[in-house]
Amino acid sequence: MNLPVPSLRPDDGDELAALCKAAGDTLRLNVLRALANDSFGVLELAQIFATGQSGISHHLKVLAQAGLVATRRECNAIFYRRALPPRELFGGKLHAALLDEVESLQLPDAVQTRITAVHAQRAAAS
C-alpha cells in the first residue's frame, strides 16, 4: 500500500532558524560588518579576512540562505552586499535588529587594514 507523501513547504520557523544560524558565527558577523558600506567579491573577502576562498564561500552561502546578503554580477565576478531587512515580512524585525547590533561591532585593525588594501588594489586596477 502506497501512502501519499505530504509536500513539505518552508515554515516560518525555518527563516528564523536561518537568521539565528547566520548570526551564530563571529566571522559571519564580521563579514556583515565589512559589507556595511561596500560590496566585495569572494576573493576580496578571503583576502580581507585572511581565510580560504572555500571557507568564505560557505559563510556567504549561510548568509545568503538567511537573506542577509544580496548579490550582483559584474562580468564573471559576483559581489556581495548586505541585504536590506524586509521589515514588513516575517523575520524582518529580527533581521533589522541583527544588522543594528552588527553596526556596533569594531572590525579588528588588521581587517580594516586589509579592506584599505583591497580598495587600493581596485583603484590601481581601474
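Modeller: Two strands pair if DSSP finds at least two bridges between them. Helices (H or I, at least four residues) and strands (E, at least two) are DSSP runs, numbered from the N terminus. This is a predicted model, in which local features need pLDDT of at least 70, side-chain atom pairs count only at pLDDT 80 or more, and totals for chains, interfaces and linings use all residues. Residues are numbered from 1 along each chain as its sequence is written, and side-chain values use heavy atoms, with hydrogens and water left out.

Colleague: Which residue in β3 stands opposite G41?

Modeller: Strand β1 is joined by two bridges to strand β3 (residues 77-82), and the two run antiparallel. Opposite G41, the residue in β3 is F79.

Colleague: In what order do the three strands form the open sheet?

Modeller: Strands of a sheet pair through backbone hydrogen bonds, either parallel or antiparallel. Here the pairing is antiparallel, and the order of the open sheet is β1-β3-β2. The edge strands, each pairing on one side only, are β1 (40-41) and β2 (69-74). The order asked for is therefore β1-β3-β2.

Colleague: How do the elements of the protein run from the N terminus on?

Modeller: The protein has six helices and three strands. From the N terminus on, they run α-α-β-α-α-β-β-α-α.

Colleague: Is H59 buried or exposed?

Modeller: H59 lies in helix α4 (residues 53-65). Leaving aside residues up to four places away in sequence, H59 touches D25, L27 and R28, where contact means heavy atoms within 4.5 Å. Buried means under 20% relative accessible area, exposed over 50%, and partly exposed in between (1.4 Å probe, protein chains only). Because its relative accessibility is 14%, H59 counts as buried.

Colleague: What share of the 126 residues do buried residues make up?

Modeller: H59, which counts as buried, is one of them. Among the 126 residues in the protein, the buried share is 36%.

Colleague: How many disulfides does the structure hold?

Modeller: A disulfide is a covalent bond between the sulfur atoms of two cysteines. For this count, it is a pair of cysteine sulfur atoms within 2.5 Å. C20 counts as partly exposed because its relative accessibility is 48%, whereas C75, at 74%, counts as exposed. The number of disulfides in the structure is zero.
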